[in-house]
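Below are some notes for a reader who has not seen this structure before.

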Amino acid sequence: MKRIILLLAIFLAGMTAFGQDMKTYQYAERDTLQLYLDFYTPEHVNDSTICLVYVFGGGFIGGHRDGKWEKAYFKQLVDKGFMVASIDYRLGLIGAKNIGVLNTDPVEKAVYMATEDAISALHYLLEHAKDLKVNKDYIVMIGSSAGAITALQVDYAMCNGFLNSDILPEDFRLAGVVSYAGAIFSHEGKVQYRNREPAPTMMFHGTMDNLVSYKGISFFNIGFYGTDALVKRFEKYDYPYFARRFEGYGHSVAAGGPLTVDDLVWFCRHYIYGKEKLQVDGTYTNLDPATMPPYDFYSPKDLYK
């Protein structure tokens, strides 16, 4: 991870054409917008194949389910034996301005729109599990930036009975959640999983992230709770988690997926297949700030003017 941006460039340049099977399905229609998912299947599928439901990033104002970067990343995941379902969702902050602690309504709306869409995508996968050969016991939500917020928020909604989570079967649980620079939005104070425990959760975050706060931001009962705040809650209630903190890095960690696939495989082996209730926490400190991209220290005011 020492040269994160350079390595990402090398990764993208070195990828060959995507050779695995991919099919596109419309999973919902919201606000006259048709929502699709691209479903990538590895060469060999069995009952223990994990399906990663990927949610792209882009600040809820941009991004694509099938961008060049995403496709290269999916090839890497499929080559490791994962199924990947990359989903659309509504971008609720297009045109939003002056986002901050005194103007959280647009953020809440955008997060909840994306979360509802992601839950609808899960519903579609479960409804078509037999045809797609998806094992409902091995579905993992994974996302980057806004997508990481959405992935975390989906599990939070399921554990608390929020939004449209009631369209999912009562006995359905996510096998895991993977967040690259994500957070949970709450208007009820600190994060609380009231009805059941969260899924085993894997979190990557830069300690200097000002776009999606690493520690969290709160104003009275309204807040965004990032990796540092979530780890404290997970530790307090003995929930399983895996955290990697990148000392001195900002939001560029959101693009760290291709460089942490081995960590993901390890997480799946121990937390999902092994059902081990581990709490793993580590900090990377030997990082070079000179490799950071210009957006690394963006704050909301840089995106929502």
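1. The largest nonpolar core has 95 residues, and of these Leu122 and Leu174 touch the most other members. Helix H3, which spans residues 105–127, gives the most to this core, with 12 residues. Please keep in mind that the model is predicted.

2. What does Leu174 touch, leaving aside residues up to four places away in sequence? The contacts of Leu174 are Leu122, Ile139, Met141, Val154, Asp155, Met158 and Ala199.

3. Strand S8 covers residues 201–206 and is mostly covered, with 6 of its 6 residues buried. Thr201, Met203 and His205 point one way from S8, while Met202, Phe204 and Gly206 point the other way. The residues on both sides are buried.

4. S8 runs parallel to strand S6 (residues 176–180), and 4 bridges join the two. Within this pairing, Tyr180 has Phe204 of S8 as its bridge partner.

5. S8 is also joined to strand S11 (residues 241–246), by 6 bridges, and these strands run parallel. Here Thr201 has Tyr241 of S11 as its bridge partner.

6. On the surface, a nonpolar patch is formed by Ile61, Ile94, Tyr295, Tyr298 and Leu303. Together they have about 400 Å² of accessible area.

7. Where is Tyr298 placed? Tyr298 sits in the loop between strand S12 (279–284) and helix H8 (300–303). Its relative accessible area is 32%, so Tyr298 counts as partly exposed.

Conventions
Residues are numbered from 1 along each chain as its sequence is written. This is a predicted model: local features need pLDDT of at least 70, side-chain atom pairs count only at pLDDT 80 or more; totals for chains, interfaces and linings use all residues. Side-chain values use heavy atoms; hydrogens and water are left out. Patches are made of residues with over 30% relative accessible area and no salt bridge: like charges are joined within 9 Å, nonpolar side chains (Val, Leu, Ile, Met, Phe, Trp, Tyr) within 5 Å. Accessible areas come from the Shrake-Rupley method with a 1.4 Å probe; for residues, only the protein chains shown count as cover. A salt bridge is a side-chain nitrogen of Lys or Arg within 4 Å of a carboxyl oxygen of Asp or Glu. Buried means under 20% relative accessible area, exposed over 50%, partly exposed in between (1.4 Å probe, protein chains only). Two strands pair if DSSP finds at least two bridges between them. A nonpolar core is a set of buried Ala, Val, Leu, Ile, Met, Phe, Trp, Tyr and Cys residues joined through side-chain atoms within 4.5 Å. Contact means heavy atoms within 4.5 Å.
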